[in-house]
Amino acid sequence: SSYHQVLEENRLLYNQVQDLKGTIRVYCRVRPFLPGQGDGESTVDYIGENGNIMIVNPYKQGKDARRVFNFNKVFATNVTQEQIYADTQPLIRSVLDGYNCCIFAYGQTGSGKTYTMSGPDLNTDETWGVNYRALRDLFHISRTRVDFIEYEVGVQMIEIYNEQVRDLLCLLLYTLTTCTLDIRNNSQLNGLNVPDASLVPVKCTEDVLDLMKIGQRNRAVGATALNERSSRSHSILTVHVRGKELVSGSILKGCLHLVDLAGSERVDKSEAVGERLKEAQHINRSLSALGDVIAALAQKSTHIPYRNSKLTQVLQDSLGGHAKTLMFVHINPEVNAIGETISTLKFAERVASIDLGAARSNK
Ligand code: ADP
């Protein structure tokens, strides 16, 4: 029967899940030159088949000018949104099987993080990002299991700005009077690590798309300059899944965090003052806290420093243990971005350190 098919499918997936469990995969995406930038000189010298990328620094000479970085995969500029998403599907299945997963977008402002996560325009379906595609598959897969598992799905959207958590869906009732979705008390889906953030039950991808639009609008509220603010804060879309197995009555709980991180650029200390300096310090601190947590997990440390930032606190249950993590690291190939490109790739290499042992022994 199809119940046995589902069990068999789960058994086959089990190996795939074991592969991913407790590890982090790092994918690097190179942003194309934008219209009007022409075919500028690129700092990407070549992209190898096995997740290698060679960066050339035009300001350096000889052997110091080139450096190779190694990741799980490197995507060239011509890769489509569908191809970017393709490897994410096993993660979505595992959320429905009761695992926690995180997908991060990391990189300097303008390197394409929002493009990967949300897409350039929520009204154009071919360019929808990982967020929408993940939710679409989540609902699709849950429907194929409808005879055996009853799923409830709830969404939260928060922003972390200067170590403060802001609920991006709290204004929902005021902004969308025709909205039929209601905000639930968090306690109805237990085990949440996000304090006081609205949890909205959703039934289909259109509901989520509506929420993403509201979240985007709310993100702009109170921001003096939208672009400025959104690049200085982390935004997290969390999907909570609760499944009840109809035969056994047992409950599965999983969640997926889709995280568009604040821009990773270092701010020149001599230039930044006041608010700008404070923002920069908070961002540096939380991104390095994230790097430290992931590195500690990779080294199987006994102490994992989750408490060092709001970001790592919020994601605590979904980093390490049986959780799975995917990071899309973005680079801007323009020559004037070379400094940030190298520091971004160094950060990513540290995050990918689980695989570095293997990479090193190949050298
Ligand atoms: P970030 O979120 O890192 O600040 P954005 O996602 O806003 O960067 O991207 C900056 C600009 O580059 C936007 O205009 C975006 O549409 C464009 N862009 C980013 N990545 C791509 C891509 N892969 N293909 C085409 N345009 C892109």
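Student: Between which two strands is the loop in which Glu163 lies?

Tutor: This is a predicted model, in which local features need pLDDT of at least 70, side-chain atom pairs count only at pLDDT 80 or more, and totals for chains, interfaces and linings use all residues. Residues are numbered from 1 along each chain as its sequence is written. Helices (H or I, at least four residues) and strands (E, at least two) are DSSP runs, numbered from the N terminus. On that basis, Glu163 lies in the loop between strand 7 and strand 8.

Student: Is Glu163 buried or exposed, or does it fall in between?

Tutor: A residue is buried if 20 or more other C-beta atoms lie within 10 Å of its own, exposed if 12 or fewer, and partly exposed in between, with C-beta atoms placed from the backbone. Because Glu163 has 15 other C-beta atoms within 10 Å, its class is partly exposed.

Student: What is the phi of Asn162, in the loop between strand 7 (149-161) and strand 8 (164-167)?

Tutor: Most residues other than glycine have a negative phi. Glu163 has a positive phi, near 65°. Asn162 also has a positive value, and its phi is near 50°.

Student: How many helices and strands does the chain have, and what percentage of its residues count as buried?

Tutor: The chain has 12 helices and 12 strands. Of its 363 residues, the share that counts as buried is 39%.

Student: Among contacts between residues at least 6 apart in sequence, what percentage join residues at least 24 apart?

Tutor: Two residues are in contact if their C-beta atoms, placed from the backbone, lie within 7 Å. Among contacts in the chain between residues at least 6 apart, the share joining residues at least 24 apart is 71%.

Student: How far apart are the end C-alpha atoms of helix 5 (residues 130-144)?

Tutor: The expected span of a helix is 1.5 Å times one less than its number of residues. Helix 5 has 15 residues, so it should span 21 Å. The model agrees, since the end C-alpha atoms are separated by 21 Å.

Student: Which residues does Leu252 touch, not counting residues up to four places away in sequence?

Tutor: Leu252 is found in strand 11 (residues 251-260), and it counts as partly exposed because it has 16 C-beta neighbours inside 10 Å. Gly98, which follows helix 3, has a positive phi, near 100°. Beyond four places in sequence, Leu252 touches Asp97, Gly98 and Gly243.

Student: Of the residues around the ligand, which come nearest?

Tutor: A residue is near a molecule or strand if its C-beta atom, placed from the backbone, lies within 6 Å of it. The largest share of the shell, three residues, comes from helix 4 (residues 113-117). Of the 14 residues around the ligand, those that come nearest are Gly112, Lys113, Thr114, Tyr115 and Pro120.

Student: How many charged residues are in the shell around the ligand?

Tutor: Ala, Val, Leu, Ile, Met, Phe, Trp, Tyr, Cys and Pro count as nonpolar, Asp, Glu, Lys and Arg as charged, and the others, Gly among them, as polar. The shell has four nonpolar and eight polar residues, and its charged residues number two.

Student: Which residues does Gly112 touch, not counting residues up to four places away in sequence?

Tutor: An unreviewed UniProt entry lists Gly112 among the residues of a "binding site"; UniProt positions are given in the numbering used here, feature names are shortened, and annotations may be inferred rather than shown by experiment. Gly112 is found in the loop between strand 6 and helix 4 and is buried, because 23 other C-beta atoms lie within 10 Å. Beyond four places in sequence, Gly112 touches Arg29, Arg31, Gly107 and His330.

Student: How many contacts beyond four places in sequence does the model have for residues 355-363?

Tutor: pLDDT is the predictor's confidence in each residue, from 0 to 100, and its mean over the chain is 82. Where pLDDT is low, the predicted coordinates should not be read in detail. Over residues 355-363 pLDDT stays under 50, and the number of such contacts is three.
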